[in-house]
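This report walks through a structure in short sections. Keep the sequence and the 3D view open while reading.

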Amino acid sequence: MRKLVILKSLVDFIWIVTCIPGIPLLLFFMVFVFINPDSVNFVIDTGVSKTEASTLQVQLIALVLVVLCFIGIYCLYLFRKTLRYFQQVKPFHEDVIANFYKIGYLLSGIGISALMVFFLARLFVDNKFRIQLGISSYLLIVCLGLFFMVLSEVFKVAKHAKEENELTV
Amino acid sequence: MPIIVNLDVVLAKRGMKSYELADKVGITTANLSILKTGKAKAIRFSTLEAICKALDCQPSDILEYVSDD
């Protein structure tokens, strides 16, 4: 159980240091991008070239990225909640299964959306059709999301087996 | 579930209380209650054997199959 305590502490640390200050900062960033975008030169770095972006491009990409960030923060919140159930020795609670499925679903969505955003950014900013194969962070996020969904199914089966075992006289 | 447990009927016929049977069989009264109310998902052969021995009956006296339709 010491591993669980370490994991919970680490997740809490990330939550307190990154997510809690991140929410108002992201909101501030959004307001800044939409109200006064001309005050700062935004540069879109596609990995190939750096291009000065138009206001509309910046606003669109910023909006998508901030939404993805908020979904990521929500995933971490759900993970913290799930770890709390583990600490209470309720690993087969309905919420744990639902949370794992939700986290998986959202992470897969984040991975695919981020992949699409950067692909489209390259296409429209650099005018280059580029598909990057191999291990990219977005594909890893999609894999992580699918792993959480599989984990949810495994927990569902385990819960059923546990109930059956408890009701065997 | 189409399997009906007639344990209470057999208990009444033998004039035995639930806690006495639980004591003889070596299971808790809570587990016996699960069995009596039909909430049990499975029964071990060892438990069935002990119940039949304590009540001097056959497994068919305790368990009955009734079709769903």
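## Overview of chain A

Helices here are DSSP runs of H or I with at least four residues, strands are runs of E with at least two, and both are numbered from the N terminus. By that count, chain A holds four helices and two strands. Along the sequence, the order of these elements is α-β-β-α-α-α. The model is predicted.

Chain A has 169 residues, and 33% of them count as buried.

## Helix 1 against helix 2 in chain A

Helix 1 of chain A spans residues 2-35, and helix 2 of chain A spans residues 55-87. The two pack at an angle of about 155°. Their axes lie 10 Å apart. Angles over 145 degrees count as roughly antiparallel, so helix 1 of chain A is roughly antiparallel to helix 2 of chain A. The crossing of this pair is left-handed.

What kinds of residue make up this contact? It divides into 25 nonpolar, two polar and four charged residues.

## Salt bridges around Lys159(A)

Across all chains, the whole structure has six salt bridges. One of them joins the side chains of Lys159(A) and Glu94(A), at 2.7 Å from N to O. This pair ties distant parts of the chain together. Lys159(A) sits in helix 4 of chain A, residues 137-166, while Glu94(A) sits in helix 3 of chain A, residues 94-126. The partners are 65 residues apart.

Lys159(A) also meets Glu163(A) in a salt bridge, at 3.4 Å from N to O. Here both residues belong to helix 4 of chain A. They are four residues apart, about one turn of the helix.

Is Lys159(A) buried or exposed? Lys159(A) counts as buried, because its relative accessibility is 16% and the cut-off for buried is under 20%. Glu163(A), at 35%, counts as partly exposed. Beyond its neighbours within four places in sequence, Lys159(A) contacts Phe92(A), Glu94(A) and Ile97(A).

## Other salt bridges in chain A

Helix 4 of chain A also holds the pair Lys156(A) and Glu153(A). Their side chains meet in a salt bridge at 3.9 Å, N to O. The two residues are three apart, about one turn of the helix.

Return to Lys159(A) and Glu163(A), whose salt bridge is 3.4 Å from N to O. Elsewhere, salt bridges that share partners join Lys8(A), Asp12(A) and Arg80(A) into one network.

## Helix 2 against helix 4 in chain B

In chain B, helix 2 covers residues 18-25 and helix 4 covers residues 45-55. These helices pack at an angle of about 120°. Their axes are 9 Å apart. Helix 2 of chain B and helix 4 of chain B are therefore oblique to each other. Helix 2 of chain B passes helix 4 of chain B in a right-handed crossing.

Which residues meet between these two helices? Helix 2 of chain B supplies Leu21(B), Lys24(B) and Val25(B). Helix 4 of chain B supplies Thr47(B), Ala50(B), Ile51(B), Ala54(B) and Leu55(B). By class, this contact has six nonpolar residues, one polar and one charged.

## Ser46(B)

Ser46(B) lies in helix 4 of chain B. Its relative accessible area is 48%, so Ser46(B) is partly exposed. How far is Ser46(B) from Lys13(B), computed between C-alpha atoms? The C-alpha atoms of Ser46(B) and Lys13(B) are separated by 23 Å. Along the chain, these two residues are 33 apart.

Key:
Residues are numbered from 1 along each chain as its sequence is written. Chains are lettered from A and ligands numbered from 1 in the order in which they are written. This is a predicted model: local features need pLDDT of at least 70, side-chain atom pairs count only at pLDDT 80 or more; totals for chains, interfaces and linings use all residues. Side-chain values use heavy atoms; hydrogens and water are left out. A salt bridge is a side-chain nitrogen of Lys or Arg within 4 Å of a carboxyl oxygen of Asp or Glu. Buried means under 20% relative accessible area, exposed over 50%, partly exposed in between (1.4 Å probe, protein chains only). Axes are lines fitted to C-alpha atoms, for helices over the stretch in contact, and angles run from 0 to 180 degrees between N-to-C directions. Angles under 35 degrees count as roughly parallel, over 145 as roughly antiparallel, 65 to 115 as roughly perpendicular and the rest as oblique. A crossing is left-handed if the near helix is turned anticlockwise from the far one by less than a right angle, and right-handed if clockwise. Contact means heavy atoms within 4.5 Å. Ala, Val, Leu, Ile, Met, Phe, Trp, Tyr, Cys and Pro count as nonpolar, Asp, Glu, Lys and Arg as charged, and the others, Gly among them, as polar.
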